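Here is a colleague's note to read alongside the model. Please keep the structure open as you go through the points.

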Amino acid sequence: MIKPLVAGNWKMNGIAKSATQIINLNDGISGRSANCDVLICPPSTLIMAFSNMLKDSPIMLGGQDCHKNETGAHTGDIAPEMLSDAGAQYVIVGHSERRMDHKERDKDVCEKAQAGWRAGLKVILCVGELNGERSADLTLNVIERQLKNSIPEGSTPENLIIAYEPVWAIGTGLTPTTKDVEQVHSFIRNYLISSLGAEKGSNIKILYGGSVKPNNAKELMSVPNVNGALVGGASLKAEDFAQIIAAYE
Ligand code: PGA
């Protein structure tokens, strides 16, 4: 049995006073049955402060991106070792906003994933098709290319999580049908099994992301091979995020 993960990606949102959201979330989920793991990926400026606040909490922390190197002349970048030092246990790599805004290619994503492992972080690796690619019936081709070129050798259920995020569903309020989600997740599952073997491939979590909200979480999370969610907008409000987590109660 795979333990699901509900992960919140705050993107470029959150300042010191957003700590109240973390406190509310912690209060909101404490005492409830923990059928899923809970992760928040705030801006890196907040990881250390949140980590100090969450010492006795089941809420885990992650970074939203990392550089492939440990140190060096890379102004503005953050090394996975820095995320880990600040209290992160996870890092997201290959988010479509990074792929678009920073022209990250599959090869870069692969190197970032390896760097995350070097620092002892679990890697959430995002894949997903653009709207035009879906219309042209290229979804599975795109996903296959991204998986093939961005998953490093040495992947295991302990160090890798895949997040399927159709780019056109991110922040738009649109979601694929559950049938479409099922098709892509089963494709990813089969890909993982054929490339890593049944033991590893069957146990790697595959998250769905893209407009997951309190009102659709339960339906999306019940699709076969959906092992949790990567949530953007709805993770910013503790109440909404706690309701999404409650899909697993
Ligand atoms: P969204 O973002 O939930 O706001 O659509 C998801 C994501 O980008 O991870």
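1. Let us begin with Pro-152. Setting aside neighbours within four places in sequence, Pro-152 is in contact (heavy atoms within 4.5 Å) with Cys-110, Ala-113, Gln-114, Trp-117 and Leu-125. Pro-152 sits in the loop between α7 and β6 (160-164); here helices (H or I, at least four residues) and strands (E, at least two) are DSSP runs, numbered from the N terminus. With a relative accessibility of 3%, Pro-152 counts as buried, where buried means under 20% relative accessible area, exposed over 50% and partly exposed in between, using a 1.4 Å probe and protein chains only. From Pro-152 to Ser-44 the C-alpha to C-alpha distance is 24 Å, and the two are 108 residues apart in sequence.

2. A word on how to read these values. This is a predicted model, in which local features need pLDDT of at least 70 and side-chain atom pairs count only at pLDDT 80 or more, while totals for chains, interfaces and linings use all residues. Residues are numbered from 1 along each chain as its sequence is written, and side-chain values use heavy atoms, with hydrogens and water left out.

3. Next, please look at the aromatic rings. Rings of Phe, Tyr and Trp (its six-membered ring) pair if their centres lie within 6.5 Å; planes under 30 degrees apart count as stacked, over 60 as edge-to-face and the rest as tilted. By this rule there are two aromatic pairs. One of them joins Trp-10 and Phe-50 edge-to-face, with 5.7 Å centre to centre and 80 degrees between the planes. Trp-10 lies in the loop between β1 (5-9) and α1 (19-29) and Phe-50 in helix α2 (residues 44-53), so the pair ties together parts that are 40 residues apart in sequence. Both Trp-10 and Phe-50 are buried.

4. What does Ser-18 touch, not counting residues up to four places away in sequence? Ser-18 touches Trp-10 and Phe-50, the two partners of the edge-to-face pair. Ser-18 is placed in the loop between β1 and α1, and it is buried, with a relative accessible area of 14%.

5. Which residues of α1 are buried? They are Ala-19, Ile-22, Leu-25 and Ile-29. Seen down the axis of α1, these residues fall within an arc of 120 degrees, so they line one face of the helix; the arc is that of the directions from the helix axis to the C-beta atoms. The buried residues of α1 pack against β2 (37-41), α2, β3 (59-63) and α11 (238-245). Just after α1, Gly-31 takes a positive phi of about 85 degrees.

6. Helix α2 can be read in the same way. Its buried residues are Leu-46, Ile-47, Phe-50 and Ser-51. They cover an arc of only 135 degrees around the axis, which puts them on the same side of α2. The buried residues of α2 pack against α1, β3 and α3 (80-86).

7. Now follow α1 across to α11. Their axes come within 9 Å and cross at roughly 35 degrees; axes are lines fitted to C-alpha atoms, for helices over the stretch in contact, and angles run from 0 to 180 degrees between N-to-C directions. Gln-21, Asn-24, Leu-25 and Ile-29 of α1 make the contact with Ala-238, Phe-241, Ala-242 and Ile-245 of α11. By class, this contact has six nonpolar, two polar and no charged residues; Ala, Val, Leu, Ile, Met, Phe, Trp, Tyr, Cys and Pro count as nonpolar, Asp, Glu, Lys and Arg as charged, and the others, Gly among them, as polar.

8. A further helix pair is worth a look. The axes of helix α7 (residues 139-150) and helix α8 (residues 178-196) come within 11 Å and cross at roughly 35 degrees. Thr-139, Leu-140, Ile-143, Glu-144, Leu-147 and Lys-148 in α7 meet Gln-183, Val-184, Phe-187, Ile-188 and Tyr-191 in α8. The contact of α7 with α8 has seven nonpolar, two polar and two charged residues.

9. Finally, please check two loop residues. Lys-103 has a positive phi of about 50 degrees although it is not a glycine. Lys-103 lies in the loop between α4 (96-101) and α5 (106-118) and is exposed, with a relative accessible area of 67%. Asp-137, also a residue other than glycine, has a positive phi near 65 degrees. Asp-137 is found in the loop between α6 (131-135) and α7, and at 67% relative accessibility Asp-137 counts as exposed.
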